[in-house]
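Please look over the sequence and the model shown below before reading on. The report that follows takes its parts in turn.

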Amino acid sequence: MTSDNGDETQGEFKPRGTVAFVAAFVAVLMLMWFSIYIILLSRGATI
Amino acid sequence: MVTETTRTPVYELTKSDKSFIGWHIFFAVTALAVGSIFGPLQALQHAGIDLYPDLNFLFIEFNGVNAYYQGLTLHGVLNALIWTTFFITGFTTLVVIRTLKRPLAIPLLNRVGFWMMVVGLVVAAVPLLGDNASVLYTFYPPLEADVLFYLGLVLVVVGSWIEGYGFYITLYRWRKENPAEKTPFLALAVILNMVMWQIATIGIAAEILGLILPMTFGWVGGIDPQLSRTFFWFTGHPLVYFWLLPAYASWYGMLPKQAGGKLFSDSLARLAFWLFLLLSVPLGFHHQFVDPGVPAGWKFIHSLLTFGVGFPSLLTLFTVVASLEYAARRRGGKGLFGWIRALPWGDGSVTAQLLAGILFIFGGIGGVANASYNVNLVLHNTTWVPGHFHLTVASAVTLSFFGISYWLVPHITGKPLWRPKLAVVSSWVYFAGMLIFSNAMHTIGLLGAPRRTPLGLAPYVPDEWNGHLFRVAVGGAIMWIGLMMFVVIIAVTAWQRKRLPEGEHIDVPVAESLDDPNNAPAWLDRWKPWLIATVVLIILAYGPQLIDQIFGIESTSPGFSPQSPVPGG
């Protein structure tokens, strides 16, 4: 279905690339957070 | 595109309004240009190259360690406080007038507010240039600056409040005139930001008026540093959102139009902004994780609330990227990630904002680490922190403001952007410099390098830091080149003789939404419930601790000047 001016409607547009982008963001975030967490652990529990 | 013109502007601002906005941009860009001179000097100093004495041909005398802190203060105040506040109030003026399609309700009020900000800037500049206020932009007591520094800051903040009152009255009048219409998203976004700013700055007002000025005037014998820091961070973290939300407004409501698409969801955009109002303030203790006077339980609550503000941040990531994907696919973009190439990278305004967004992805990741109660201990007071906020205020905000300026200045001057291709190059140069600089700052921070320290003079710098410190210097210098390109482009655009062809205009890019804004739930256009919820949450998150700290105040720390470690010296 398209709107009157021929554009896609919100319901028709599937932001698959966006979902992949956000998933990649979350993966990188977790990777970086845990890498710092490991530094924390390597310095001892009480830093 | 920045060079795209229209013959029929949706709403034409008056010459007086354009001039008023232009003055905001003039002071903003001037502050940026002057303050940024000290950026590469800091960075080069870290690598052992001290160029401060070379500035002594100026009327200011820069010497030794004092020069480093004076330069750092000028850099922070001019770039983080003045560039942003002047740009934001100017941008807000433009957005309010253009999207509500009406003049300011009481233009004199806004003008009084603006010129009060200018007077405040000049008043604060006197001690800053005289090395009598080298207390950094956080001005932590008991460090004590010349009283003019504080009075100048008060005038800047109160001036911005007064400009805010002008926007609220304008919105109130518009709602009276248009009772059946929903507030346009962009107007809602920028005015909501001013409201958040007014709530947030209550903290800094209490700090300066209630604690610092009585000490500076000698009415009390000292100050309570813990309470001062609590008041400061009541303002300090939402200050970051005050800088960011105008950039977000552009990413949500303007960039999709510039990229050839539409805003993915007007409702999601409104929801994100209301949540930023709700959650921006009650989380300041995550800046005070190592402060001994704040109980661990309250730090933990603020840590959780900081993760709460991650929700509207993720909403923003999703909605903005979806809007850009929509635009890119309309332009023929294909593939799971291949569509990114189809965005209009040849447009200086778009490119600056896209690169701002890319850098901010890393800023967001670093922010999550900062907010984590345990992980923060690895990063606290290291160069990681300035590395992080260069990805926020100096990237997401500043690069976005570059992008906005590339259409805004042609819009208000009626002159074409000078060298549009150089505008693209400027953003890439700045982006490259920031990548090198911020990566190095984060890395040596993890290795333990302290912040707020002239590392070039520190005898304890181990060999493993040296390569990274060199990258700090190189990155800082490259960033400055990109920034100067921006300053030159804007200055020449504004002062050139060439004008747009007769009858042509560069309009404000206002994106339509894929969903109908009139179908947005009514509660996304009502102020009262959100304001009540905001105040209640602040009282819950800060109230008990503030009562405890205020009633337990111990004004026993005498102030001392940065030049002398002797209290009262």
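## Terms and numbering

Helices are DSSP runs of H or I with at least four residues, strands are runs of E with at least two, and both are numbered from the N terminus. The expected span of a helix is 1.5 Å times one less than its number of residues. Residues are numbered from 1 along each chain as its sequence is written, while chains are lettered from A and ligands numbered from 1 in the order in which they are written. This is a predicted model, in which local features need a pLDDT of at least 70 and side-chain atom pairs count only at pLDDT 80 or more, although totals for chains, interfaces and linings use all residues.

## Confidence in the model

The pLDDT is the predictor's confidence in each residue, on a scale from 0 to 100. Chain B averages a pLDDT of 94, with 96% of its residues scoring at least 70, and the model has an ipTM of 0.88 and a pTM of 0.95.

Chain A averages a pLDDT of 81, and 70% of its residues score at least 70. Over residues 1-6 of chain A the pLDDT is below 50, and this stretch has 6 contacts in the model beyond near neighbours in sequence; two residues are in contact if their C-beta atoms, placed from the backbone, lie within 7 Å. Where pLDDT is low, the predicted coordinates should not be read in detail.

## The two chains

Chain B contains 17 helices and 0 strands, and its C-alpha atoms fill a box of roughly 65 × 50 × 45 Å along the principal axes. A compact globule of 569 residues would have a radius of gyration near 25 Å, and the 23 Å of chain B agrees with this; the radius is taken over C-alpha atoms, and the globule rule is 2.2 Å times the number of residues to the power 0.38. Of the contacts in chain B with a separation of 6 or more, 85% are between residues 24 or more positions apart. Buried residues make up 55% of the 569 residues in chain B, where a residue is buried if 20 or more other C-beta atoms lie within 10 Å of its own, exposed if 12 or fewer, and partly exposed in between, with C-beta atoms placed from the backbone.

Chain A has 1 helix and 0 strands, and 13% of its 47 residues count as buried. Where the two chains meet, the contact takes 20 residues from chain A and 22 residues from chain B. The side of chain A that touches chain B has 15 nonpolar, 4 polar and 1 charged residues, where Ala, Val, Leu, Ile, Met, Phe, Trp, Tyr, Cys and Pro count as nonpolar, Asp, Glu, Lys and Arg as charged, and the others, Gly among them, as polar.

## Two helices of chain B

Helix 15 of chain B, at residues 420-446, has 27 residues and reaches 39 Å from its first C-alpha to its last, close to the 39 Å expected at 1.5 Å a residue. Helix 15 is followed by B:G448, whose phi is positive, near 110°.

Helix 10 of chain B, at residues 266-279, should span 20 Å with its 14 residues, and its end C-alpha atoms are 20 Å apart, which agrees. Because 11 of its 14 residues are buried, helix 10 is largely enclosed by the rest of the structure. The buried residues of helix 10, which include B:W274 and B:R270, pack against helix 6 (185-200), helix 8 (225-253), helix 11 (296-330) and helix 17 (527-551) of chain B.

## Buried positions in helices

B:A43 lies in helix 2 (residues 38-46) of chain B, and B:A43 counts as buried because it has 26 C-beta neighbours inside 10 Å. Leaving aside neighbours within four places in sequence, B:A43 is in contact with B:F437, B:V472, B:A473, B:G475, B:G476 and B:A477.

B:L100 is found in helix 3 (residues 64-100) of chain B and counts as buried, with 25 C-beta neighbours inside 10 Å. B:L100 touches B:T170, B:W174, B:P184 and B:A187, not counting residues up to four places away in sequence. The C-alpha atoms of B:L100 and B:T170 are separated by 8.8 Å, although these residues are 70 residues apart along the chain.

## Backbone details in loops

The loop between helix 4 (107-129) and helix 5 (147-177) of chain B holds B:P142, and the peptide bond from B:P141 to B:P142 is cis, with omega near 10°. B:F139 is found in the loop between helix 4 and helix 5 as well; its phi is near 30°, a positive value in a residue other than glycine. B:F139 is buried, with 23 other C-beta atoms within 10 Å.

B:N381, in the loop between helix 13 (376-379) and helix 14 (384-413) of chain B, has a positive phi near 55°. B:N381 is exposed, with 12 other C-beta atoms within 10 Å.
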